[in-house]
Amino acid sequence: MSSLTSLASIATWPVPTAAAGVVRADGTVLGTHGPVGRRFPLASVTKPLAAYAVLVAYEEGAVELDEPAGPPGSTVRHLLAHTSGLAFDEHRVTAPPGDRRLYSNAGFEQLGDHLAKATDIPFAEYLRQAVLEPLGMADTSLEGSPAKDAVSTVADLLRFAAEVQAPRLLDPRTVAQAMSVQYPGTKGVLPGYGHQNPNDWGLGFEIRDGKSPHWTGAGSSPRTFGHFGQSGTFLWIDPDAGLATVALTDRAFGPWAVEAWPPFTDAVLAETRG
């Protein structure tokens with residue numbers, strides 16, 4: 001299925017397999033291309049799913065966003081916004097909380113541990129019950145770290161992207177927080193794209209704002225938010241365009257993606273704007 005010719009360009013990407021899809025806030029899938037039912041490792045596109053589960057726990061009263069979690073002085077909010085001061089892939093502190101935007105897998109692992117202790121449910125199981133099952137994401141599972149070890153399909157992630165645009169599992173005000181800049185003015189490195197000042201982030205979602213270079217398109221609104229993964233995957237939501245796009249591949253992120261993704265995004269936006 002593809003009513004969008006722009007999606008067909010993924011066939012030219014230098015990857016063994018690629019699948020993509022576009023969905024509006026009302027759940028209307030505007031088009032797909034490639035094997036949308038194939039399971040791909042998500043790498044860091046895992047993080048928005050994990051963050052959504054944490055936000056469900058927050059609304060259920062199991063955790064508070066500003067309660068202590070992670071290293072001393074850090075909170076759940078700091079961990080979600082990559083400002084806890086934890087290193088990228090090591091459980092060691094390299095800066096005071098709130099000081100810099102230090103993108104951290106370790107932070108999301110501590111977040112998962114914190115939630116598991118608070119709810120007495122293993123994090124992968126909590127994610128399944130709180131997010132995956134209610135959204136009908138039967139082909140998605142977390143098989144390790146809450147930072148990077150989910151496996152999913154384009155079809156499932158389109159369900160998730162529709163949910164984020166028109167929330168049913170969360171209060172829209174909670175999602176508005178997640179897509180709003182936390183700790184404004186914080187600078188740091190956006191993996192794969194170098195130093196950004198500011199390096200804006202919400203609660204588990206990266207926010208485009210004025211970042212350059214960036215993995216979304218020149219036509220993407222500053223309000224665009226989402227995530228990309230080192231396994232050659234991305235999910236972005238552009239509230240101004242009223243749609244979201246998912247692309248999954250089986251080739252690691254690299255110069256090919258830096259080159260291919262922005263024009264692809266611009267083509268999708270141009271076509272859906274009519």
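Modeller: Rings of Phe, Tyr and Trp, the last taken by its six-membered ring, count as a pair if their centres lie within 6.5 Å. The model is a predicted one, and a search of the whole of it finds 16 aromatic pairs. One of these pairs is Trp13 with Trp256, which is tilted, with 5.9 Å from centre to centre and 55 degrees between the planes. This pair links distant parts of the chain: Trp13 is in the segment before β1 (18-24), Trp256 is in helix α7 (residues 255-272), and the two are 243 residues apart. Both Trp13 and Trp256 are buried.

Phe228 and Phe253 form another tilted aromatic pair, at 4.7 Å centre to centre and with 35 degrees between the planes. Phe228 belongs to strand β9 (residues 225-229) and Phe253 to the loop between β11 (243-249) and α7, so this pair ties together parts that are 25 residues apart in sequence. Phe228 counts as buried because its relative accessibility is 7%, under the 20% limit. Phe253, at 14% relative accessibility, counts as buried by that limit too.

These residues belong to a cluster. Ring pairs link Trp13, Tyr193, Trp215, Phe228, Phe234, Phe253, Trp256, Trp261 and Phe264 into it.

Apart from neighbours within four places in sequence, Val246 is in contact with Ala19, Ala20, Gly21, Val154, Leu157, Leu158, Phe234 and Leu235. Val246 has a relative accessible area of 0% and is therefore buried. Val258 is 12 residues from Val246 along the chain, and their C-alpha atoms are separated by 16 Å.

Pro48, Leu49 and Tyr52 in α1 meet Leu157, Phe160, Glu163 and Val164 in α5. The axes of helix α1 (residues 46-59) and helix α5 (residues 154-165) come within 12 Å and cross at roughly 50 degrees. That angle makes α1 oblique to α5. The crossing in which α1 passes α5 is left-handed.

The charged end of Lys47 sits over the ring of Phe108, 5.9 Å from the ring centre. In a second case, the charged end of Arg38 sits over the ring of Phe40, at 4.9 Å from its centre.

Thr46 is a contact of Ser145, which also touches Glu109, when residues up to four places away in sequence are not counted. Ser145 lies in the loop between β4 (141-142) and β5 (150-152), and its relative accessibility of 9% means that it counts as buried. Ser145 and Thr46 are 99 residues apart in sequence, with 8.8 Å between their C-alpha atoms.

Some loops have backbone details to note. The peptide bond from Asn197 to Pro198 is cis, with omega near 0 degrees, and Pro198 is in the loop between β7 (194-196) and β8 (206-207). Ser212 and Pro213 are also joined by a cis peptide bond, with omega about 0 degrees; Pro213 is in the loop between β8 and β9. Tyr183 is not a glycine, yet it has a positive phi of about 55 degrees. Its place is in the loop between α6 (172-178) and β6 (188-190), and with a relative accessible area of 23% Tyr183 is partly exposed.

Key:
Residues are numbered from 1 along each chain as its sequence is written. This is a predicted model: local features need pLDDT of at least 70, side-chain atom pairs count only at pLDDT 80 or more; totals for chains, interfaces and linings use all residues. Side-chain values use heavy atoms; hydrogens and water are left out. Rings of Phe, Tyr and Trp (its six-membered ring) pair if their centres lie within 6.5 Å; planes under 30 degrees apart count as stacked, over 60 as edge-to-face and the rest as tilted. Helices (H or I, at least four residues) and strands (E, at least two) are DSSP runs, numbered from the N terminus. Buried means under 20% relative accessible area, exposed over 50%, partly exposed in between (1.4 Å probe, protein chains only). A charge sits over a ring if NZ of Lys or CZ of Arg is within 6 Å of the ring centre and within 35 degrees of the ring normal. Axes are lines fitted to C-alpha atoms, for helices over the stretch in contact, and angles run from 0 to 180 degrees between N-to-C directions. Angles under 35 degrees count as roughly parallel, over 145 as roughly antiparallel, 65 to 115 as roughly perpendicular and the rest as oblique. A crossing is left-handed if the near helix is turned anticlockwise from the far one by less than a right angle, and right-handed if clockwise. Contact means heavy atoms within 4.5 Å.
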